[in-house]
Amino acid sequence: MKKKFLEGGKIVSTHGIRGEVKVNYWCDDPYELTSLKYFYFDEGKEKIKVEKLRVNKNQLIVKLEGVNNPDEAQNLRGRVLYIDRNDLSLGEREYFIADIIGLKVIDAETDEEYGTLCDVSFTGANDVYHIKFSDGKQKLIPAIPQVVIETDIDSGVMKIKPMAGLFDDED
């Protein structure tokens, strides 16, 4: 079941004297978040209006309604901001990380089961998927169309075509 509210980032400090906060965002493109009208606290239980939001280097600077000075902003430090998934749109072959973690990873040609997608790393060039095998070992695959053939969130399966040597043990 897809979660309605997704973790968008964490408030890490205050900014300026008007109650703005600095947020470490947890998404590929922070500019996608600049159109948001609301964030949520407590996994969607508390809605808070965004008055202003801008990207500054590798963080967001956010002015939330009702937060008007550094003391009020400081009280929010460490809180996670959630996003309603319906407020964002995804392109083709784009997925929310929360939706792909836990997918069963199988071979696109043989249906051999490799393991479960357990984490995602961001390298700049392309994402890297971590697959946990039944023996507990983790192996990495590049999240590129030549390797990731199909992602079916509804059935909980990702089909891949490993490149030569990708899963060969070097031990």
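Reader: What is the relative accessible area of Ile97?
Author: This is a predicted model, with residues numbered from 1 along each chain as its sequence is written; local features need pLDDT of at least 70, side-chain atom pairs count only at pLDDT 80 or more, and totals for chains, interfaces and linings use all residues. Side-chain values use heavy atoms, with hydrogens and water left out. Buried means under 20% relative accessible area, exposed over 50%, and partly exposed in between, with a 1.4 Å probe and protein chains only. Ile97 counts as partly exposed because its relative accessible area is 34%.

Reader: In which element is Ile97 found?
Author: Elements are DSSP runs numbered from the N terminus, helices being H or I of at least four residues and strands E of at least two. Ile97 belongs to residues 97–100, which form helix H2.

Reader: Which residues form a nonpolar patch on the surface?
Author: A patch takes residues with over 30% relative accessible area and no salt bridge; nonpolar side chains (Val, Leu, Ile, Met, Phe, Trp, Tyr) are joined within 5 Å and like charges within 9 Å. Areas come from the Shrake-Rupley method with a 1.4 Å probe, and for residues only the protein chains shown count as cover. With about 250 Å² of accessible area together, the nonpolar patch is formed by Ile97, Ile101 and Phe122.

Reader: How many helices and strands does the protein chain have?
Author: From the N terminus on, the elements run β-β-β-β-β-α-β-α-β-β-β-β-β-β. The secondary structure comes to 2 helices and 12 strands.

Reader: What share of the residues of the protein chain is buried?
Author: The C-alpha trace spans about 60 × 35 × 25 Å along its principal axes. The accessible surface comes to about 10,500 Å², of which 44% belongs to carbon and sulfur atoms. Of the 171 residues, the share that counts as buried is 36%.

Reader: Among contacts between residues at least 6 apart in sequence, what share joins residues at least 24 apart?
Author: A contact means heavy atoms within 4.5 Å. For the protein chain, the share of such contacts that joins residues at least 24 apart is 49%.

Reader: How far apart are the mean positions of the positive and negative charges?
Author: Lys and Arg count as positive and Asp and Glu as negative, while His and the chain ends are not counted. Each charge is placed at NZ of Lys, CZ of Arg, CG of Asp or CD of Glu. The protein chain has 24 positive and 32 negative charges, and the distance between their mean positions is 8 Å.

Reader: Which residues gather in a patch of negative charge?
Author: One of them, Asp28, lies in the loop between strand S2 (20–25) and strand S3 (38–41). Asp28 is exposed because its relative accessible area is 61%. The negative patch on the surface consists of Asp28, Asp29, Glu32 and Glu94.

Reader: How many residues apart in sequence are the parts that the pair Asp42 and Arg79 ties together?
Author: A salt bridge puts a side-chain nitrogen of Lys or Arg within 4 Å of a carboxyl oxygen of Asp or Glu. Asp42 forms one with Arg79, the closest N and O atoms being 3.3 Å apart. Asp42 lies in the loop between S3 and strand S4 (46–56) and Arg79 in the loop between helix H1 (70–74) and strand S6 (80–84), so the parts tied together are apart in sequence by 37 residues.

Reader: Are Arg85 and Asp99 buried or exposed?
Author: Asp99 has a relative accessible area of 13% and is therefore buried. Arg85 stands at 14% relative accessibility, so Arg85 also counts as buried.

Reader: What phi does Lys57 have?
Author: Lys57 is found in the loop between S4 and strand S5 (59–64). At 76% relative accessibility, Lys57 counts as exposed. Asp42 has a positive phi of about 50 degrees although it is not a glycine. Lys57 is not a glycine either, and its phi is positive, at about 55 degrees.
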